[in-house]
Amino acid sequence: MNKGLTLLSIVVFIFQGVESFGQSQTYLSLYRDQLPYFQELITGAHYEDPPNSYVGHPYLLGRDFQDGILTINNVSYTDVPLLYNMHEDELVTFHPIYQEKIWIKPEKVEAFQFVEGELFQRFSENETYPHHKNGFYEVVSDGEIKVLVKHYKKKAVYRETGRVTYTFLASEDFFYWWNGEFAKIKNGNQAMKALRLTKKDIRNFIKTQGLERNLSLQEYLVRLVNLSQSAEVEFSGFAKQKGHDN
């Protein structure tokens, strides 16, 4: 099959509904404009699922593809079939011609978002953090100070009678991000200190805004960011904490 026609078919199938180029621009002109880029993206390696003997899966939303938005070079492509592998920190799409899963080169991806609403961005910082890998983090709060969640799955030995295999255990870590700097947050006290807030600030905040007792750590981090950004003093960076590391 002609390689040009094959690539054109791939682009039309995977990246339908490209809002950034307007309704008047044809897929053929889009293909011609973006040909060098799409060659690099779509010719990513063939992706292999984990062995069927494994218990569970490494994906965020299950084994089936979910429609999403893929952002590359500040262009957002809609209705893209996506899988996010939390164990490998990889993004996977589907090759319509050869009916196979294709690994998308992570350095090409700026952001992706699922229909359910989860927004992920790729960050180049935080490389000393052991689960950083390709740098995809969920963006929970997208202000000047961001609240990020790193979702990951660890592969662990799974034993049952007459069988030894592997399974995937899900976990997550929380971070504040500001101006290229990460601060890993494990509890509310760390969150308060990282943002240079005092206990008095928190007490006043509780009096005026209220905080539910069963508030999750994620929501608490968002509330504290809102508090810190409403202060009259401009934020100048995270406070260093003893024993804090990634």
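Predicted model: local features only at pLDDT ≥ 70, side-chain atom pairs only at ≥ 80, totals over all residues.
Strand β5 spans residues 111–114 and strand β6 residues 119–122; the two run antiparallel and are joined by three bridges. Together β5 and β6 make a hairpin with four residues between them. Within that turn, Gly 117 has a positive phi of about 120°. Phe 112 has Phe 120 in β6 as its bridge partner.

On to the next neighbour: β6 is also joined by three bridges to strand β7 (residues 136–142), again in an antiparallel arrangement. Here Arg 122 stands opposite Phe 136 of β7.

**The cavity**

The structure contains one cavity of 30 Å³ or more. The space in the largest cavity is about 30 Å³. Its lining consists of Leu 61, Gly 62, Asp 64, Gln 66, Leu 82, Leu 83, Tyr 84 and Phe 114. Strand β2 (residues 75–85) contributes the most to this lining, with three residues. Sorted by class, the lining has five nonpolar residues, two polar residues and one charged residue.

**Salt bridges**

Side chains of opposite charge can pair when their charged atoms come close. Six salt bridges are found in the structure; three of them are listed here.

| Salt bridge | N to O distance |
|---|---|
| Lys 101 – Asp 49 | 2.7 Å |
| Arg 163 – Glu 160 | 3.1 Å |
| Asp 173 – Lys 184 | 3.8 Å |

In the salt bridge between Lys 101 and Asp 49, the closest N and O atoms are 2.7 Å apart. Lys 101 belongs to strand β4 (residues 100–104), while Asp 49 sits in the loop between α2 (27–42) and β1 (66–72), so this pair ties together parts 52 residues apart in sequence. Lys 101 is buried, at 18% relative accessible area, whereas Asp 49 is partly exposed at 37%.

Asp 173 and Lys 184 also meet through their side chains in a salt bridge, at 3.8 Å from N to O. This pair links distant parts of the chain, with Asp 173 in strand β9 (residues 163–178) and Lys 184 in strand β10 (residues 181–185), eleven residues apart. Asp 173 counts as buried at 12% relative accessibility, and Lys 184 is buried with a relative accessible area of 11%.

For the salt bridge between Arg 163 and Glu 160, the accessibilities are as follows. Arg 163 is partly exposed, at 31% relative accessible area, and Glu 160 is partly exposed, at 37% relative accessibility.

**Aromatic contacts**

A pair of aromatic rings is described by the distance of the centres and the angle of the planes. Across the whole structure, a search finds 18 aromatic pairs. One of them joins Phe 112 and Phe 114 edge-to-face, at 5.8 Å centre to centre and with 85° between the planes. Phe 112, the bridge partner of Phe 120, is buried at 1% relative accessibility.

Phe 175 and Phe 182 form an aromatic pair that is edge-to-face, with 5.6 Å between the centres and 85° between the planes. Phe 175 counts as buried at 0% relative accessibility, and Phe 182 is buried at 11% relative accessible area. Both rings belong to one aromatic cluster, formed by Phe 123, Tyr 129, Tyr 137, Phe 175, Trp 177 and Phe 182.

Terms used:
Residues numbered from 1 in each chain as written. Heavy atoms only, no water. 1 Å grid on protein atoms, 1.4 Å probe; cavity = no way out; pocket = protein on both sides within 12 Å on 5 of 7 lines; lining within 4 Å. Points joined across faces, edges and corners; volume = space filled by probe spheres on them. Nonpolar A, V, L, I, M, F, W, Y, C, P; charged D, E, K, R; others polar. Pairing = 2+ DSSP bridges. Salt bridge = Lys/Arg side-chain N within 4 Å of Asp/Glu carboxyl O. Buried < 20%, exposed > 50% of the residue type's maximum accessible area, 1.4 Å probe, protein only. Phe/Tyr/Trp six-rings, centres within 6.5 Å; stacked < 30°, edge-to-face > 60°.
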